[in-house]
Amino acid sequence: MSALLEVRTLTVGYGHVGVLEDVSLDIAPGTIVALVGSNGAGKSTLLRAISGLLKPTRGSIAFDGRPIDGATPNLVVDAGILHVAEGRRLFRSQSVRHNLDLGLYGVDVDRDEEKARLDYVFELFPILVDKLDHQASTLSGGQQQMLAIGQALMRRPKLLMLDEPSLGLAPIVVDQVMDVIVKLKMAGTTILLVEQMVERALEIADHGYVLQSGRLIGQGKPAELQQSDAIRRAYVGG
Ligand SMILES: Nc1ncnc2c1ncn2[C@@H]1O[C@H](COP(=O)(O)OP(=O)(O)O)[C@@H](O)[C@H]1O
Ligand SMILES: [Mg+2]
């Protein structure tokens, strides 16, 4: 089956500072792909490049068979790729309800469709129903993460990219977030999951990639990766 997302020999940096070098990665439709690696490896940089926030200096990115490298962030979103950035960027002084509405910004949907999408988010994250009128800033870290994911889901993404969704969350909340990611996959959403919680990510992933210092040093089935040298090297820097 051809890949939904195809990244080829991608080289990306900030100004003259190179970060990613020659990165190639495939995401098959309907799968969870985990991208793991230590702090500073370049994981968020790769998501930013896919999102159109950073222009690659070399290489290509194709989505659904069409090139998207060089596309603006808006066009990438319109193509169906949603990026839930590190640190849950919400409109913190706005209500939960308004944050979900903002997920539909610029999208033309009728009331029934809007309601269906809200209901889907509430089904996944029932806690948000009780919090609709609360300011986003008053939510717990886990609830904010759920809201950030919910906001992205309002656009019905084909590919959802999650950057360290578990960061700073209590273990039981991490479980909830991981469960939701699996449910999203069951419902047909393709997921690119960036995590420092390697074990947790590989547990639910169909395929994994290991990034170290801007280069891919391993990939494969999660069970094999867990045993691999690549994982050990990525985390002990050996
Ligand atoms: N805005 C930026 N400007 C310059 N360098 C950056 C910027 N953001 C990240 N970097 C550098 O790029 C490298 C990769 O960072 P990042 O992609 O955030 O790693 P990760 O998400 O894997 O922790 C790091 O060396 C980091 O210092
Ligand atoms: Mg990061």
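Trainee: What should I know before reading any values?
Mentor: This is a predicted model, where local features need pLDDT of at least 70 and side-chain atom pairs count only at pLDDT 80 or more, while totals for chains, interfaces and linings use all residues. Residues are numbered from 1 along each chain as its sequence is written, chains are lettered from A and ligands numbered from 1 in the order in which they are written, and side-chain values use heavy atoms, with hydrogens and water left out.

Trainee: OK, how is the protein divided into domains?
Mentor: Into domain 1 (5-80 + 157-236) and domain 2 (94-156), with bounds from an automatic or database domain assignment. Taken over C-alpha atoms, their centres are 24 Å apart. Domain 1 puts 16 residues into the contact and domain 2 puts in 12 residues; contact means heavy atoms within 4.5 Å.

Trainee: And how much space lies in the largest pocket?
Mentor: About 820 Å³. A pocket here is an open set of points on a 1 Å grid over the protein atoms alone, where a 1.4 Å probe fits, with protein on both sides within 12 Å along at least five of seven lines; lining residues have an atom within 4 Å of a point. The volume is the space filled by probe spheres set on the points, which are joined across faces, edges and corners.

Trainee: Which residues lie nearest its centre?
Mentor: V77, L82, H83, R89 and Q151, out of 27 lining residues. The elements giving two or more residues to the lining are α1 (43-51), α2 (73-79), β6 (81-84) and α6 (141-153), and α2 has the largest share, with five residues. Helices (H or I, at least four residues) and strands (E, at least two) are DSSP runs, numbered from the N terminus.

Trainee: Where does that pocket lie relative to the domains?
Mentor: Between them, because domain 1 and domain 2 both give residues to its lining.

Trainee: Switching to the inside: how many residues has the largest nonpolar core?
Mentor: It has 48 residues, and L100, F125, L160, I181, L184 and L193 have the most contacts inside it. Such a core is a set of buried Ala, Val, Leu, Ile, Met, Phe, Trp, Tyr and Cys residues joined through side-chain atoms within 4.5 Å. Helix α7 (residues 171-186) gives the most, seven residues.

Trainee: What is I181 in contact with?
Mentor: Leaving aside neighbours within four places in sequence, I181 is in contact with I32, L162, P165, I191, L193 and I204. There's also a second, separate core of 29 residues, including V33, A71, M161 and V194.

Trainee: Is each one buried or exposed?
Mentor: D22 is partly exposed because its relative accessibility is 42%, and E164 is buried, at 5%. Buried means under 20% relative accessible area, exposed over 50%, and partly exposed in between, with a 1.4 Å probe and protein chains only.

Trainee: Last one: where is R92?
Mentor: In the loop between β6 and α3 (96-102). The C-alpha atoms of R92 and S137 are separated by 4.7 Å, though the two are 45 residues apart along the chain.
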